[in-house]
Amino acid sequence: MSLSTHATPSGYLLPSIHSAPPFFTEQPNPTTQSTATEQWIRLIISYARHRKLFVLRVEDAETPGSEWDEILRNERINRRILPDHLSNVMATMVSKNLAGYEPAKQTRSALIYWRLPEEWAEVLYDWVVSVGQLNSILTFYDITDPPLESALTNIPVPLLRKAIAILGKTGRSQMIAIADGEGVRFLARSK
């Protein structure tokens, strides 16, 4: 079988490596495995960005029909990534700060950083400025479920917290206790 790119039903173009049966199994040669892991990382991040997916679970490798199914298996060559292999790829992503285990202190579920937390902080701040909410208090719900869909729609709260904390370090956000939980005030950039 020749290696070729393939478009998924969601419109994502799979790279030709996805047609290679060895891509789906861990390789005994460390150099070969390292290269394959890098290919998996690029594929996962790119696909997550394409589909706006934030969470990858080891169980997704075993679950037919999961939102990750298009890349974790290739029915054309009857292959899928095994859970242990996916777990190792996720561990590498976490070690390179391209993902973060969520919840912490477990290794089966990770937030995928198709934008780094620092990039999300800038997206968040730019959005707050664009909707005229500087110096207003917003709840997490206001940000993750705005009236008009934004780049922040459905962002997981742990990732949102990281972005807010980054803005806090630069004096552009402040956490506020409000009646029904937490809110955040966004402040103008200091000159």
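Let's start at E59, which is partly exposed with a relative accessible area of 29%. In this predicted model, E59 forms a salt bridge with R108, the closest N and O atoms sitting 2.7 Å apart. R108 belongs to the loop between β6 (99-101) and β7 (109-112) and E59 to the loop between β3 (55-57) and α2, so the bridge ties together parts 49 residues apart in sequence. R108 is partly exposed too, at 39%.

Next, look at E70 and R51, whose side chains meet in a salt bridge at 4.0 Å, N to O. E70 is in helix α2 (residues 69-72) and R51 in helix α1 (residues 30-51), 19 residues apart. E70 counts as buried at 18% relative accessibility, while R51 is partly exposed at 32%.

Then there's E122, paired with R172 in a salt bridge with a closest N to O distance of 2.7 Å. Because E122 lies in helix α4 (residues 117-130) and R172 in the loop between α6 (157-169) and β9 (173-178), this one ties together parts 50 residues apart in sequence. R172 is buried at 7%, whereas E122 is partly exposed at 29%.

Now zoom out to the domains. The assignment gives domain 1 (6-112) and domain 2 (117-186), with centres 29 Å apart over C-alpha atoms. Four residues from domain 1 and ten from domain 2 make the contact. Together the domains bury about 550 Å², 69% of it on carbon and sulfur atoms. On the domain 1 side, K52, F54 and L111 supply 76% of the buried area.

Conventions:
Residues are numbered from 1 along each chain as its sequence is written. This is a predicted model: local features need pLDDT of at least 70, side-chain atom pairs count only at pLDDT 80 or more; totals for chains, interfaces and linings use all residues. Side-chain values use heavy atoms; hydrogens and water are left out. Domain bounds come from an automatic or database domain assignment. Contact means heavy atoms within 4.5 Å. Buried area is the accessible area (1.4 Å probe) that two parts lose on being put together, summed over both. Helices (H or I, at least four residues) and strands (E, at least two) are DSSP runs, numbered from the N terminus. Buried means under 20% relative accessible area, exposed over 50%, partly exposed in between (1.4 Å probe, protein chains only).
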